[in-house]
Amino acid sequence: MLAEVVIASALSVLVITTILGVLVRSNSLCYATSQHYAGYSLCRETIEQMRGANYGMVATTNFPATNMFLTHLGGTARVPLWCTRFCTNGIVEFQNPTRKRVTVAVSWSYRGRNELEIMTGYIYLK
């Protein structure tokens, strides 16, 4: 009788520990996903600013690297992370049709790991 109680208790502890581990890991993944989504949004924002600018003004010098907060969704009292938004690989111009390929990246550090979100878009001559 005592052995059955001990075994049932051990199994209960094992199940509860497993469930808590899964919940903690899923929360961590959701937090990481929200960071990457925020980085993606910052990349998209820059590309949309470039699309709204005069075609001749779309140059790396007119969109310099910017340090800002990476604000993201998820949880309570999440502390915004410092990030850098910048154009990568220069801006490449193509012909037929006339367009510029721009690549924007956002980088940040979280828990000792460097994270990066990159987006490429095309700006067409109107």
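Rings of Phe, Tyr and Trp (its six-membered ring) are taken as a pair if their centres lie within 6.5 Å, with planes under 30 degrees apart counted as stacked, over 60 as edge-to-face and the rest as tilted. The model is predicted, so local features need pLDDT of at least 70 and side-chain atom pairs count only at pLDDT 80 or more, while totals for chains, interfaces and linings use all residues. Residues are numbered from 1 along each chain as its sequence is written, and side-chain values use heavy atoms, with hydrogens and water left out.

**Figure 1. Aromatic pair of Tyr-31 and Tyr-110.**
By the ring rule above, the count comes to four aromatic pairs. In one of them, the ring centres of Tyr-31 and Tyr-110 are 5.2 Å apart and the planes stand at 65°, so the pair is edge-to-face. Tyr-31 belongs to helix H1 (residues 2-52) and Tyr-110 to strand S3 (residues 99-110), so the pair ties together parts that are 79 residues apart in sequence. Helices (H or I, at least four residues) and strands (E, at least two) are DSSP runs, numbered from the N terminus. Both Tyr-31 and Tyr-110 are buried; buried means under 20% relative accessible area, exposed over 50%, and partly exposed in between (1.4 Å probe, protein chains only).

**Figure 2. Aromatic pair of Phe-94 and Tyr-122.**
The rings of Phe-94 and Tyr-122 form a tilted pair, 6.4 Å centre to centre with 50° between the planes. Phe-94 is in strand S2 (residues 81-94) and Tyr-122 is in strand S4, so that the pair links distant parts of the chain, 28 residues apart. Phe-94 is partly exposed, with a relative accessible area of 25%. Tyr-122 also counts as partly exposed, at 33% relative accessibility.

**Figure 3. Lys-100 and the ring of Tyr-55.**
The charged end of Lys-100 sits over the ring of Tyr-55, at 4.5 Å from the ring centre. A charge sits over a ring if NZ of Lys or CZ of Arg is within 6 Å of the ring centre and within 35 degrees of the ring normal.

At 14% relative accessibility, Met-119 counts as buried. Not counting residues up to four places away in sequence, Met-119 touches Tyr-40, Cys-43, Arg-44, Ile-47, Val-102, Thr-103 and Val-104; contact means heavy atoms within 4.5 Å. Met-119 and Ser-41 are 78 residues apart in sequence, and their C-alpha atoms are 9.6 Å apart in space.

**Figure 4. Largest nonpolar core.**
A nonpolar core is a set of buried Ala, Val, Leu, Ile, Met, Phe, Trp, Tyr and Cys residues joined through side-chain atoms within 4.5 Å. The largest one has 21 residues, of which Met-50, Leu-70, Cys-83, Trp-108 and Ile-123 touch the most other members. At least two residues of this core come from each of H1, strand S1 (66-70), S2, S3 and S4. H1 gives the most, with six residues. Leaving aside neighbours within four places in sequence, Ile-123 is in contact with Ile-47, Met-50, Arg-51, Tyr-55, Val-58, Thr-98, Arg-99, Lys-100 and Val-102.

**Figure 5. Backbone at Asn-96, Pro-97 and Arg-111.**
The peptide bond from Asn-96 to Pro-97 is cis, with omega near 0°. Pro-97 is placed in the loop between S2 and S3, and Asn-96 lies in the loop between S2 and S3 as well. Although Asn-96 is not a glycine, its phi is positive, at about 60°. Asn-96 is exposed, with a relative accessible area of 74%. Arg-111, found in the loop between S3 and S4, has a positive phi near 55° and is likewise a residue other than glycine. At 69% relative accessibility, Arg-111 counts as exposed.

The protein has one helix and four strands, which run α-β-β-β-β from the N terminus on. Its C-alpha atoms fill a box of roughly 85 × 30 × 20 Å along the principal axes. The radius of gyration is 23 Å, whereas a compact globule of 126 residues would have one near 14 Å; the radius is taken over C-alpha atoms, and the globule rule is 2.2 Å times the number of residues to the power 0.38. Of the 126 residues, 28% count as buried. Among contacts between residues at least 6 apart in sequence, 51% join residues at least 24 apart.
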